[in-house]
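Visitor: I am new to this structure and would like to learn how to read its features one at a time. Could you take me through them slowly, giving the general idea before each case?

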Amino acid sequence: MPFVRISMRSGKPEAYRQGVIDGVYQAMRDALGVPQDDQFIVLTEHDAVNFRYGASYLGISRSDDLVYLQVTVFNTRTAEQKKALYARLVQLLGDRPGIRREDVFVNVLEAAKENWSLGNGVASFV
């Protein structure tokens with residue numbers, strides 16, 4: 001039951017943004033075993049003044065095409081699953097919409113199952 005926040009610079013066409021969302025969802029299906037229709041993804045765009053990054057932090061050459069991905073998941077995911085997710089994300093986002101692997105920044109957050117309510121005011125997974 002991942003929840004994904006995608007942040008990027010504004011100005012990309014709809015097809016590009018849709019490619020990012022589709023790639024993220026497919027990577028989660030492939031690497032994390034996310035079920036069909038488990039899609040809770042929000043994409044926000046930012047003007048240049050509101051979007052900062054270290055252009056060469058840790059020796060990685062980033063560009064204005066940088067995409068931040070924050071993926072919140074159950075605290076049951078293994079290190080192997082997370083590494084598979086990172087690899088699959090750069091592969092799929094490289095294919096479509098054409099994002100360089102250096103421009104894919106991923107942060108995985110873990111939350112206990114009781115921290116989720118998907119509607120109706122109930123703890124959905126407890």
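Predicted model: local features only at pLDDT ≥ 70, side-chain atom pairs only at ≥ 80, totals over all residues.

Visitor: Are arginine 9 and aspartate 64 buried, exposed or partly exposed?

Guide: Arginine 9 has a relative accessibility of 23% and so counts as partly exposed, and aspartate 64, at 40%, counts as partly exposed too.

Visitor: Which residues are linked in a network of salt bridges?

Guide: Such a network joins Arg100, Glu102 and Asp103. Arginine 100 meets glutamate 102 at 3.6 Å, N to O, and the side chain of arginine 100 also meets that of aspartate 103, at 3.0 Å. Arginine 100 is partly exposed at 36%, as is glutamate 102 at 31%, whereas aspartate 103 is buried, with a relative accessibility of 0%.

Visitor: Which residues of the largest nonpolar core touch the most other members?

Guide: In soluble globular proteins, nonpolar side chains tend to be buried together. Here the largest nonpolar core holds 26 residues, and those touching the most other members are Ile6, Val20, Val24, Met28, Leu69 and Leu85. Two or more core residues come from each of E1, helix H1 (14-32), E3, helix H2 (79-95) and strand E4 (104-111), and H1 gives the largest share, 9 residues. If we set aside neighbours within four places in sequence, the contacts of isoleucine 6 include Val20, Val24, Leu43 and Leu69.

Visitor: How many aromatic pairs does a search of the whole structure find?

Guide: A pair of aromatic rings is described by the distance of the centres and the angle of the planes. The search finds 5 aromatic pairs. Among them, phenylalanine 51 and tyrosine 68 make a tilted pair, 5.1 Å centre to centre with 45° between the planes. Phenylalanine 51 lies in the loop between E2 and E3 and tyrosine 68 in strand E3, 17 residues apart. Phenylalanine 51 is buried at 6%, while tyrosine 68 is partly exposed at 22%. Another pair, phenylalanine 74 with phenylalanine 125, is edge-to-face, with 4.9 Å between the centres and 75° between the planes. Since phenylalanine 74 is in strand E3 and phenylalanine 125 in the segment after E4, this pair ties together parts 51 residues apart in sequence.

Visitor: Which residues form one aromatic cluster, and which charged end sits over the ring of phenylalanine 74?

Guide: The cluster is made of Phe51, Tyr53, Tyr68 and Phe105. As for phenylalanine 74, which is buried at 10%, the charged end of lysine 113 sits over its ring, 5.1 Å from the centre. Lysine 12, in turn, lies over the face of tyrosine 16, at 4.9 Å from the ring centre.

Notes:
Residues numbered from 1 in each chain as written. Heavy atoms only, no water. Buried < 20%, exposed > 50% of the residue type's maximum accessible area, 1.4 Å probe, protein only. Salt bridge = Lys/Arg side-chain N within 4 Å of Asp/Glu carboxyl O. Core = buried A, V, L, I, M, F, W, Y, C linked by side-chain atoms within 4.5 Å. Helix = DSSP H or I, 4+ residues; strand = E, 2+ residues; numbered from the N terminus. Contact = heavy atoms within 4.5 Å. Phe/Tyr/Trp six-rings, centres within 6.5 Å; stacked < 30°, edge-to-face > 60°. Lys NZ or Arg CZ within 6 Å of the ring centre and 35° of its normal.
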